[in-house]
Amino acid sequence: MAEIKLVNVSKTFDTEEGPVHALSDVNLSIHKGDIYGIIGMSGAGKSTLVRCLNFLEKPTSGDVIVQGVSLKSLNEKELREERKKISMIFQNFNLLMQKTVIDNVCFPMYLAHTPKAEARKKAMEYLRIVGLEDKANTYPSKLSGGQQQRVAIARALASKPEILLCDEATSALDPATTKQILALLKKINNELGITIVIITHAMDVVEDVCSHVAIMENGQVQESGEVETIFANPQSAVGKRLVLKDVRSEALAELKTDKTFRIVFDKQSAFEPVIANAILTFQTPINILGATTKNVHNQAKGEMIVGIPSGHEDEFVAYFKERGLNVEEVDING
Ligand SMILES: Nc1ncnc2c1ncn2[C@@H]1O[C@H](COP(=O)(O)OP(=O)(O)OP(=O)(O)O)[C@@H](O)[C@H]1O
C-alpha cells in the first residue's frame, strides 16, 4: 500500500483573468521510506501539489489517500487528526522569533497538551538529532539559516510525523549548508523511517538525496520514477532539460561543432578506456565538451557530453552502447 497516493488530482483557480489550471490529473504513489522529490520550474504547480497533499488546499477533483485513508471522505475534525501524521518545513523556516529554540520545538507538543517537563525532555532529544542541543536557550535570530532550518526540522519531528513535507526547504541556503540539511533529512529518513517529500526546483537536490522523483510542468507530472533511472535516461523534454542543466552553458555552446551526446557511466574508471579505445578504433577524435561526477542517490555516476564528428555518430554510439554505457543525443542549446 502506498503511503501517499494522489488519484487524478486537479486544481483550478478561478481568477479575474479566467481559470488557472494549476494541477491537471496528477497521479502519484509515494511509498513508505521513500525520499520523493517533486521538481519543476517556477509555476509548474509544485506548491499547489504540496498543499493538496495534506488537503490544506482542496483539489477541485480527485483524491489523496494517506495510509489508506481517503482525505476527501473526512470532515474537518477528522482531517485535522489525519494531518498530524504530516509535518512540514518551509524555505523561510517559519520559526517563532520571540521564543527560544527549545520553546519553538516544544510548541507543537504544548498544543498537544504534553506536560511541560516531558515536552522539554523530548525537545532536547530532537535538538540532539539535529545537532543543536547547545542552542536550546538561544533565540532564532542569533542562528544561521542552516541552524534555523535545523530548529524547524526538530520542531517538525516533535509532532512525531510519519511523513515530512519539505517545501523548497534548502532554497534559501548556500550549497554547503544545503548539503548538510539534505544529509540530516537522509538521516531522519534512515533512522526514524519517516517518508520525506521534497519540493524543489534544483536537480542537484534530487540527485543528492531523493530515491524517487516526479518531474512537473504545466501542472502535470511529465515523468516519474527512480532517480537513478531518470538521471540516466530522462524521457520527457523537461526531464532532459533539468538533467542537462548543469552542463549547458554558453561556453559549451560555442564549442559545439558536431552532434552532441550525453554518456552516463557508473564509475570514472569504467569510462576512460572506453572513450580512448573508441577513438583508436575509429581513428577519429571526439570532442569532450563537459564532464562531471555526481552522487546520485549515494552512487557515483559520471556523465560526459561529447561532440562526435558528423558521419561517425552511429559507430561511436553503437560502440558505447555495446559496452553498457547509456548514450543519448542531446541539444546543449535546448
Ligand atoms: N491561489 C491562487 N490563485 C490563482 N492562481 C494560483 C494560486 N496559486 C497558484 N496559482 C497559479 O497556479 C500555477 C501553479 O503555481 P504554483 O505556486 O503551484 O507553482 P510552483 O511550481 O510552486 O511555482 P514556484 O516554484 O514559483 O513556487 C501558477 O500559474 C500560479 O500562478
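Biologist: Which residue stands opposite V197 in β8?
Modeller: L165 does. This is a predicted model, where local features need pLDDT of at least 70, side-chain atom pairs count only at pLDDT 80 or more, and totals for chains, interfaces and linings use all residues. Residues are numbered from 1 along each chain as its sequence is written.

Biologist: How does the chain cross from β7 to β8?
Modeller: It passes through helix α6 (residues 175-192), in a right-handed β-α-β crossover. Right-handed means that, with the strands pointing away from the viewer, the path from the first strand over the helix to the second runs clockwise. Helices (H or I, at least four residues) and strands (E, at least two) are DSSP runs, numbered from the N terminus.

Biologist: And how many bridges join β3 to β8?
Modeller: Five, and β3 (residues 35-40) and β8 run parallel. Strands count as paired if DSSP finds at least two bridges between them.

Biologist: Is β8 enclosed or open?
Modeller: Largely enclosed by the rest of the structure, because six of its six residues (195-200) are buried. Buried means 20 or more other C-beta atoms within 10 Å of the residue's own, with C-beta atoms placed from the backbone. T195, V197 and I199 cover one side, and I196, I198 and T200 the other.

Key:
A residue is buried if 20 or more other C-beta atoms lie within 10 Å of its own, exposed if 12 or fewer, and partly exposed in between; C-beta atoms are placed from the backbone.
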